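Subject: Structure handover

Hi,

Here is the structure I promised to pass on. Please open it next to this email. My notes follow.

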Amino acid sequence: MSDYNYAAKTYWFVMVAAGLVTGAWGFYHCLSFSLVEWGEFVALLTLVLITSSYPIRIPNTTASITAGDTFTFLSVLMLGVPAAILLGVADSLVSSHRTTRRMTSWIGAPAMMAVSVFISGHSFYLTLFAYARVQTVPLGLSPEVRTAHLLVALAVMTILQYFLNGLTVATMCALKNRRSIWRFWRDGYLWTSWTFFAAAIAAAVVYASITTFGFLYVLLSVPVIALTYATYKIYFERVAEKTREASEMSRIHLATVEALATAIDAKDQTTHCHVRRVQVYAAGMGKIFGLPDSEIQALKAGALLHDIGKLAVPDHILNKPGRLSAAEFEKMKVHTTVGAEILSRVEFPYPVVPIVRHHHEQWNGLGYPDGLRGEEIPMTARILAVVDSFDSVREDRPYRPGMTRDEASALLLRGAGVTYDPKIVDTFLKHLPRFETEIAALGLDQHSMAEDGLGTRALSENSLSPNRASSPDYLDQIKNAHREVYALYEIARTFGSSLDIKDTLSIIVNKVGHIVPFDTCVVYLHDELKGYAEAAHVAGRNSDILHGRCIAPGEGVTGFALANRRSINRIDPTLDFAGVHLSPGSRYRAMAALPLVKDDRLLGALSVYSSELTNYTDDHMRLLDTVVRLAADALANAMHHAEAESHALTDPLTGLPNARCMYLRFEQEVSRANRTKRPFQVIMLDLDDFKKVNDTFGHKVGDQMLREVARLLQAQLREYDFLARYAGDEFVAVVQELVGDQVDELRERIEKTISTFLLPVSGDMYANVGISVGHATYGVHGETLDQLLISADQAMYSCKSDHKRRRRHSALEDAETLVDLHTGKLTSTAIN
């Protein structure tokens with residue numbers, strides 16, 4: 001009795017106790033039978049056992065009927081109620097044994113039959129007494145009973161037996177299934193009344209024959225009983241066939257609805273198991289609240305079809321991450337009315353349309369489309385709103401992870417009395433464990449598996465179980481198609497969100513992972529000047545090993561894609577890792593390499609590697625081609641931005657940082673100095689006689705001189721020192737931790753290097769400049785860049801004349817040459 005609830009168990013025990021008492025009473029009174037009466041009883045019992053061995057199942061119920069009812073009625077007329085009780089018990093016991101294997105039915109059905117026969121049998125004699133004033137006892141009829149009186153009493157007994165027999169069984173089934181007793185009896189037993197009247201008529205005919213011709217002529221009743229049985233059988237077989245046909249049509253209808261509805265829901269990235277779970281929740285809640293079968297069927301269909309109106313909502317709104325705008329929300333709201341209009345044309349035999357139209361109404365009246373409040377909202381719509389919300393928020397979507405069971409329950413509790421009917425919320429959460437047990441038995445419990453820590457692989461393996469429901473392949477294809485559209489939309493939208501090259505590369509790799517599987521993804525950036533591509537971003541396995549790796553066009557698979565500017569697939573991935581020691585266990589089985597090209601400019605390449613796939617499919621390559629085209633546009637924009645930004649901070653002539661960059665670097669040095677308590681120096685460098693170079697040889701030579709001077713100055717500084725072109729022929733260096741003679745040594749080294757440099761112009765023509773150097777220390781000569789530059793400039797010009805004569809004489813001696821600054825030619829001293 002594990003499937004019996006408390007009410008059903010209580011009712012079963014009460015009926016069994018009443019049946020035992022009634023049966024004992026009948027058996028006690030039968031002990032006083034005469035030998036002839038015992039013979040008649042045995043004869044009737046034999047006929048009952050024969051007929052009850054061939055029960056006829058009542059369609060849509062667990063009950064059955066037999067032709068034994070005829071002999072039960074006949075026993076009431078001939079031998080009285082006690083004998084009829086025993087025959088009814090025997091009839092019910094044998095037929096229940098043939099139709100079910102449940103011990104509770106073997107015991108409960110005879111007990112209920114004993115009670116119903118006891119009451120209906122006594123009603124027969126009470127009717128005779130009240131109607132005909134005939135002195136009768138419940139042990140048999142007196143001879144003076146008239147036929148008219150007999151028929152009236154028999155009709156009363158038949159009606160009572162019909163109602164009592166059906167109601168006792170219907171009550172048991174209704175309590176067990178938590179359904180309405182009246183609806184259960186109406187649906188399963190109402191139309192069986194004619195079988196009882198047929199049995200009563202047959203009993204009257206047989207009784208009349210016996211009273212006229214004697215008991216031996218009861219054998220003549222065999223053809224009548226057989227005809228009655230045949231009529232029962234043919235009728236019920238036809239009813240059962242019609243019922244099966246109707247059930248099959250209903251099943252096909254519901255299956256068609258489910259297939260179409262799940263295909264539509266796949267557009268919203270909803271899983272097949274989601275709608276099945278919602279069906280279980282909704283139908284279970286309908287039964288708990290005692291809704292009629294039509295509304296329970298409507299809930300099952302509504303669970304499938306409530307979002308059919310989303311056909312009118314664009315995908316980018318359905319799957320938008322984050323909050324919808326006011327206009328987008330208004331567009332989303334039309335799915336309720338559109339869905340109701342679509343389904344109104346179907347003419348369902350149960351009320352589905354109100355569910356679809358009102359499942360987004362709120363308890364406080366702030367829902368849509370009609371703003372219904374509280375009890376104004378159809379009960380079925382209120383139920384669906386709760387169960388659908390609970391399961392929907394536990395589904396993973398492209399734009400958010402699913403909630404846990406506790407989080408979803410807390411969401412319902414917060415919305416109770418505001419968004420949802422509080423009574424429905426409380427009832428649903430109270431019965432949730434029972435629903436989850438049912439869902440687990442159907443193999444639809446992916447949520448619990450995810451919360452238990454089972455990953456995607458575990459889910460895939462469990463889905464192979466014959467008891468576990470899996471999403472049909474066609475739904476996966478539909479879902480993937482819409483996921484592809486959404487992913488590409490997101491890629492196109494996200495790629496424009498950053499102009500930073502590193503961020504763009506990270507976004508590219510992240511979005512590639514949404515549409516194709518990989519274990520490692522590498523984006524190479526091609527350097528036209530250097531002639532090779534460098535791994536600028538690596539995700540997945542071996543990222544540390546592969547980051548910064550350089551490949552030349554034509555080298556490996558990726559190099560081949562770079563050289564030929566075309567996608568490569570279905571080739572051995574090991575060709576891409578010659579000389580590379582990958583981490584243990586990193587054996588790639590498939591790879592694809594695609595060039596990144598924008599307006600005939602080779603930007604780089606994207607390569608994906610997989611240890612699981614045998615090959616990247618044509619669909620994978622099609623998606624990658626689309627992503628690569630979008631990525632190339634985004635990467636080109638980021639590169640152009642980087643170049644523009646570089647130009648904004650770089651002197652285009654010398655390639656050194658410009659004055660703007662110098663101010664930014666100064667702020668960094670100030671922060672470092674304040675943090676470490678170590679000063680730094682700002683060195684001012686001004687070229688001497690640079691104007692004469694421009695005037696003598698032209699600005700082109702002057703520009704070349706500036707580039708060479710910048711190169712020479714950079715060579716005299718350390719790697720971590722900073723050099724910028726300040727303006728015209730002035731340069732500024734920021735150097736760290738130079739003290740005392742180190743500053744003078746650097747100044748002399750710079751002066752000597754620049755003064756001895758000769759820039760060839762043509763033939764024996766050379767250009768030459770000098771340089772003046774001044775310095776200032778942060779914290780000593782000032783704390784702002786302007787203060788330090790003024791101080792360094794003053795220091796430079798205060799000794800410029802003396803230093804200039806000394807530098808020029810020393811430089812000419814070291815170079816053993818003299819240059820005429822007006823002609824640019826070497827003097828005779830230098831030639832000698």
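Which residues in α27 meet which residues in α28? V709, L712, L713 and Q716 in α27 meet L746, R749, I750, T753 and I754 in α28. By class, this contact of α27 with α28 has six nonpolar, two polar and one charged residues. A contact means heavy atoms within 4.5 Å. Ala, Val, Leu, Ile, Met, Phe, Trp, Tyr, Cys and Pro count as nonpolar; Asp, Glu, Lys and Arg count as charged; the others, Gly among them, count as polar.

First, some ground rules. This is a predicted model: local features need pLDDT of at least 70, side-chain atom pairs count only at pLDDT 80 or more, and totals for chains, interfaces and linings use all residues. Residues are numbered from 1 along each chain as its sequence is written, and side-chain values use heavy atoms, with hydrogens and water left out.

**Overview**

The protein chain has 31 helices and 14 strands. Both are DSSP runs, numbered from the N terminus: helices are H or I with at least four residues, strands are E with at least two. Of the 832 residues in the protein chain, 47% are buried. Buried means under 20% relative accessible area, exposed means over 50%, and partly exposed is in between (1.4 Å probe, protein chains only). Among contacts in the protein chain with a separation of 6 or more, 65% are between residues 24 or more positions apart.

**Helix pairs**

Back to α27 (residues 699–716) and α28 (residues 741–755). They pack at an angle of about 150 degrees, with their axes 10 Å apart. That makes α27 roughly antiparallel to α28. Axes are lines fitted to C-alpha atoms, for helices over the stretch in contact, and angles run from 0 to 180 degrees between N-to-C directions. Angles under 35 degrees count as roughly parallel, over 145 as roughly antiparallel, 65 to 115 as roughly perpendicular and the rest as oblique.

Now α3 (residues 68–78) and α4 (residues 81–99). Their angle is about 165 degrees and their axes are 8 Å apart. So α3 is roughly antiparallel to α4. G68, D69, F71, T72, S75 and V76 in α3 meet A83, A84, L87, G88 and D91 in α4. The residues of this contact divide into five nonpolar, four polar and two charged.

L45 belongs to helix α2 (residues 35–52). L45 touches L87 and A90, leaving aside residues up to four places away in sequence. L45 counts as partly exposed, at 24% relative accessibility.

**Strands**

Six strands form an open sheet in the order β5-β4-β3-β8-β7-β6, with antiparallel pairing. Its edge strands are β5 (550–551) and β6 (568–569), and each pairs on one side only. Two strands pair if DSSP finds at least two bridges between them. Two bridges join β4 (residues 532–540) to β5. There, E534 stands opposite C550 in β5.

Strand β11 (residues 730–736) is mostly covered: seven of its seven residues are buried. E730, V732, V734 and Q736 point one way from β11, while F731, A733 and V735 point the other way. In a regular strand the side chains alternate between the two faces of the sheet. Seven bridges join β9 to β11, and the two run antiparallel. I683 has A733 in β11 as its bridge partner. Five bridges join β10 (residues 722–727) to β11, also antiparallel. F722 has V734 in β11 as its bridge partner. The hairpin of β10 and β11 has two residues between the strands, and G728 in it takes a positive phi near 50 degrees.

Most residues other than glycine have a negative phi, and most peptide bonds are trans.

- Y368 and P369 are joined by a cis peptide bond, with omega about 10 degrees. P369 is found in the loop between α14 (353–358) and α15 (379–392).
- D599 has a positive phi, near 50 degrees. D599 lies in the loop between β7 (590–598) and β8 (601–610). D599 is exposed, with a relative accessible area of 67%.
- D689 has a positive phi, near 65 degrees. D689 sits in the loop between β9 (680–688) and α26 (690–697). D689 counts as buried, at 15% relative accessibility.

Best wishes
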